[in-house]
Amino acid sequence: TKAFEILFRVYVKKVDDSFFYSNERKDRFKSKGFIKRTVTTAFGYVTFERRKYVDKKTGVCYYIDEKIGLKRYRRLSEELIFTILFEYQHTAASFVAKTYGISKATVYNLVNSFKMPKLNIERFEKDDDSPVYMEIDEDHMKCRRSRNTYMRIVAIHRGIEKLCKDRNKLIDKHIIMFPTSVPLEEVSEYVLNYLEKRYSMDKKKLIVNSDGGKWIDSFVGELRIYNPIHIYDKFHLVKAIGEISKRDKEISKNLYKWLEKNNFTELENFYETFKEKENVSQRRKDQMKMLLNQYEKIRRIYTEKDYIGSRTEALVSHECSRFLSSRPKAFSRRKIKARALYHTFFANYGKNREKAYELYFSGKRTSSLEKVIEMECLPEIVNETGKSTNLPYLRGGECPIKEVLKEISQSKIF
């Protein structure tokens, strides 16, 4: 720690002196003496002196602070902040706080104010004609003042790779987490941009697994440009039939047979008699009615040749529950959006520290999910059209894909 402090002071003095004697400083800034500052780094506390400069236009300036990325009123270095954020995904806030000599509140504040780096999604190397799969579900989370909510999860992948006996992994998995307060249009913007940049979607199927919730139907509707094949999650199907039958093997056997053999009439007839029974709970009747309402999605389990089963519950358990619903503490509803961005970023890049570090310090960060991935216009199209078009996509620069499609649909193209 002492050696690092000495080296850091030498570095600061050398850089500050170099700027002080430069022509740029002489032309623009006046030096007003030295000011001390203490910063907490991964190697401990460091106290150093740096010059205070004054400019007539911009006011007070500390060149060293800007050079090494120290923000105003922040006592933690950016490298230490990243280290805390990275390690928090694997351990408790109390352990991280004890390791780096900070409070638990500081750890929570960093997570709850997290801004996601803008991502430049690269094309998938093994991009063949196999389907793109999407798993959608939600997990309950406790909030303060008994105002509980749900954390929603969307997982995109390319199928299953067998690692060893009874152990598989998802190919090219990408996780998106967001609370109910985030509009579905914002999430669909992120997903559409990701699919467009990551894969060549022209000849691919998009197969969606879910429990058939209303918000999921609305979200899948936002992806209609890719004609998604919406399939009812088999885990929830087995759970529903188990609740309807109440361990009656005859009922369970018949329900599976009618669904597999496409016998909707028998299902309807069974429901008509089932709902009239007085000894049957309303919950069981509602589950039976759900089978009828979700019949088309359930049938795709048996008819879709590229269906490989559902991984929704495993993803919810691994990515959501262990961070959210399994924790006894209650979360702030105002801050769970930032926490969702934190879990989204580290769920996708947290296994590779070097990659996460590179992305975190690569450029701008945002608190809006739809601005994380932005589409850029093709240069050759811009050159051909120039500025004679009113389409934002053809004028160049960045533009959300949703705005592109809207402008094209409303324009007259002869």
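K126 is exposed, with a relative accessible area of 65%; here buried means under 20% relative accessible area, exposed over 50%, and partly exposed in between (1.4 Å probe, protein chains only). K126 sits in the loop between β4 (116-117) and β5 (132-141). Helices (H or I, at least four residues) and strands (E, at least two) are DSSP runs, numbered from the N terminus. The structure is a predicted model, in which local features need pLDDT of at least 70 and side-chain atom pairs count only at pLDDT 80 or more, while totals for chains, interfaces and linings use all residues. Residues are numbered from 1 along each chain as its sequence is written, and side-chain values use heavy atoms, with hydrogens and water left out.

K126 also belongs to a positive surface patch, together with R167, K169, R322 and K351. Patches are built from residues with over 30% relative accessible area and no salt bridge, like charges being joined within 9 Å and nonpolar side chains (Val, Leu, Ile, Met, Phe, Trp, Tyr) within 5 Å. Lys and Arg count as positive and Asp and Glu as negative, whereas His and the chain ends are not counted. Each charge is placed at NZ of Lys, CZ of Arg, CG of Asp or CD of Glu. The accessible areas come from the Shrake-Rupley method with a 1.4 Å probe, and for residues only the protein chains shown count as cover.

Strands β7 (residues 160-164) and β8 (residues 167-170) pair in the antiparallel sense over four bridges; two strands pair if DSSP finds at least two bridges between them. Across this pairing, E161 stands opposite K169 in β8, and I160 stands opposite L170 in β8. The hairpin of β7 and β8 has two residues between the strands, and D166 there takes a positive phi near 60 degrees.

Where else does a residue other than glycine show a positive phi? N262 is such a case, with phi near 60 degrees. As background, most residues other than glycine have a negative phi. N262 lies in the loop between α10 (249-260) and α11 (264-274) and is partly exposed, with a relative accessible area of 45%. D172, which is not a glycine, has a positive phi of about 50 degrees. Its place is the loop between β8 and β9 (174-179), and D172 counts as buried because its relative accessibility is 18%.

Strand β1 (residues 30-41) and β2 pair in the antiparallel sense over 10 bridges, and a hairpin joins the two strands through two residues. In this pair, R37 stands opposite F48 in β2. Strand β2 and strand β3 (residues 59-61) run antiparallel as well, joined by three bridges. A hairpin of three residues connects β2 to β3, and D55 stands opposite G59 in β3.

Attention now turns to charged pairs. A salt bridge is a side-chain nitrogen of Lys or Arg within 4 Å of a carboxyl oxygen of Asp or Glu, and by this rule the count comes to 17 salt bridges. D17 and R51 form one of them, with their closest N and O atoms 2.9 Å apart. Because D17 lies in helix α1 and R51 in strand β2 (residues 44-55), the pair ties together parts that are 34 residues apart in sequence.

K13 is found in helix α1 (residues 2-20) and is exposed, with a relative accessible area of 54%. The C-alpha atoms of K13 and I64 are separated by 9.1 Å, although the residues are 51 residues apart along the chain.

E319 and K173 form another salt bridge, at 3.4 Å from N to O. This pair links distant parts of the chain, with E319 in helix α14 (residues 312-321) and K173 in the loop between β8 and β9, 146 residues apart. E319 is buried, with a relative accessible area of 10%, whereas K173 is partly exposed at 31%. The side chains of E272 and K275 also meet in a salt bridge, at 3.3 Å from N to O. E272 counts as partly exposed at 42% relative accessibility, and K275 is partly exposed, with a relative accessible area of 30%.
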